[in-house]
Amino acid sequence: MIETSGGKIRSVAWSEIFPWLCIVRAFRLAISFQALLLGAVGIFLTVAVWGLIGTAFSSDSPATTWLQPYIQSSWLPITAAVPESPTVRNLQNLAERSEPVEGQWAVRDPMLSPWALLSQPAFEGLLYSPQTFSWSSVAALVLCGLWGVAVWAFFGGAICRIAAVRLAADEQVGLGAALRFASRKGPAYFAAPLLPLGGVLLAVIPVFVLGLLMRTDFGLVLGGVLWPLALLAAFIMAVLLLGSLFGWPLMWGAISTEGSDSFDALSRSYAYLFQRPLHYLFYVVVAAIVGWLGWLLVQNFAAAVIWLAYWAAEWGSGAGGGEASGLGKFGVDLIHFWVGCVKLLAVGFVFSYFWSASSAIYLLLRHDVDATEMDEVFLDADATEQEPVASSAQPAATAENGESATNGNTAE
């Protein structure tokens, strides 16, 4: 870890002394354009279809009220997280800016906020009350949950693949190669978080049947006798839900790092979560702090870009002027569209960092539990992910010497 020469310390391998510093590297990966683009497109598709689902299955049920902002506008609730001027311009309003506005998505930090948003269909389902039951709200929750998993099985899988190979092997992954990997492993990404929910459903069925019997006096007596079995089923549900709610980001990291299937990802995420819960908590706290600082930088940089564009244009257009109409209104709408694109790209950092940091946390937990080296990662056989041969003349030269040259299956 420490190289010495003549009694003098030349370098210190901080990454070996503090392995969790790889979480800081996740920030650098998250601000790359390809990661920002994947995060931005992913969250836009998520909330846009959520809005369509909310419109198709709209009801007065409390379980679907969280969809109302997306019904009114597909991306405004998300892009509202980025102001149109940097917060450092007006420190007096800093506290006001930190308060979420009703109907808008507030980013507290790029770890907990994406996790809460993507888990919201599951949360709403768990808080669902039989007194307010309606098939339309159930259908909306199920479709929103499945759509969210499907979108991030592709975009989140691509981001995790880029991060896993870069963090472990320090090699670049092309955007096309990452998307091809995510498409091949898409079924595994999609099925991994749904498998525990299937187990929960199986545990619910016998308790549900017992509840039907408890509508009669004899059924209540039977329910009292069999209630220990109901508590056992509830214990199984609690373990499955706990592992699923807190461990599902690790499933993406497992598939991206190991190239494995959904069952392997499920077993690894549960094992790492329950065997090293304090380690997991520590890594999440570190990632949340780094992500919060990074979000302040990205948010204010995007706001500064928007504000400077308005400020420069204002010198030419003048501060006055009436409200635009006709063709001028179309121009104003175009300006708002491009401003929204900048905001959406900035919000993409929240999700690119979430998936990149989740991959880093998976590598750390794997090292803690399985003692696997941090640089071990599954390397795809995709030709675009292999290092190019140095030159066409090199194999011929080695062949003349009776040597064979092989190109190892290296990282992207």
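Aromatic pairs number 20 in the structure, a pair being two rings of Phe, Tyr or Trp (for Trp the six-membered ring) whose centres lie within 6.5 Å, with planes under 30 degrees apart counted as stacked, over 60 as edge-to-face and the rest as tilted. The model is a predicted one, in which local features need pLDDT of at least 70 and side-chain atom pairs count only at pLDDT 80 or more, whereas totals for chains, interfaces and linings use all residues. Residues are numbered from 1 along each chain as its sequence is written, and side-chain values use heavy atoms, with hydrogens and water left out.

One of these pairs is formed by W252 and W355, which are tilted, at 5.1 Å centre to centre and with 35 degrees between the planes. The pair links distant parts of the chain, since W252 belongs to helix α13 (residues 217–258) and W355 to helix α16 (residues 327–370), 103 residues apart; helices here are DSSP runs of H or I with at least four residues, numbered from the N terminus. W252 counts as buried because its relative accessibility is 3%, and W355 likewise counts as buried, at 0%, where buried denotes under 20% relative accessible area, exposed over 50% and partly exposed the range in between (1.4 Å probe, protein chains only). A tilted geometry is also found for Y270 and F274, because their ring centres are 5.9 Å apart and their planes stand at 50 degrees. Y270 and F274 are 4 residues apart in helix α14 (residues 262–275) and are therefore separated by about one helical turn. Y270 is buried, with a relative accessible area of 12%, whereas F274 is partly exposed, at 38%.

W252 and W355 also take part in one aromatic cluster, together with W152, Y189, W248, F351 and F354. In a further arrangement involving an aromatic ring, R161 lies over the face of F181, at 4.3 Å from the ring centre; the criterion is that NZ of Lys or CZ of Arg be within 6 Å of the ring centre and within 35 degrees of the ring normal.

Helix α16 has 44 residues and reaches 64 Å from its first C-alpha to its last, close to the expected 64 Å, the expected span being 1.5 Å times one less than the number of residues. The helix is followed by A371, whose phi is positive, near 60 degrees. Within α16 is found S358, which counts as buried at 3% relative accessibility. A polar atom of the S358 side chain lies 2.7 Å from the backbone oxygen of F354. With neighbours within four places in sequence left aside, S358 is in contact (heavy atoms within 4.5 Å) with P249 and L250.

The largest nonpolar core comprises 94 residues, of which I23, F351, Y353, W355 and I361 touch the most other members; such a core is a set of buried Ala, Val, Leu, Ile, Met, Phe, Trp, Tyr and Cys residues joined through side-chain atoms within 4.5 Å. The largest share of this core, 17 residues, comes from α16. Not counting residues up to four places away in sequence, F351 touches G39, I43, W105, P114, L117, L118, W152 and I159.

W20 is located in the loop between α1 (14–17) and α2 (22–30) and counts as partly exposed, at 27% relative accessibility. Although W20 and L363 are 343 residues apart along the chain, their C-alpha atoms are separated by 9.5 Å. Leaving aside neighbours within four places in sequence, W20 is in contact with F282, Y283, V286 and L364.

Key: Helices (H or I, at least four residues) and strands (E, at least two) are DSSP runs, numbered from the N terminus. A polar contact is a pair of N or O atoms within 3.5 Å; within protein, one must be able to donate a hydrogen and the other to accept it, and residues adjacent in sequence count only if both atoms are side-chain atoms.
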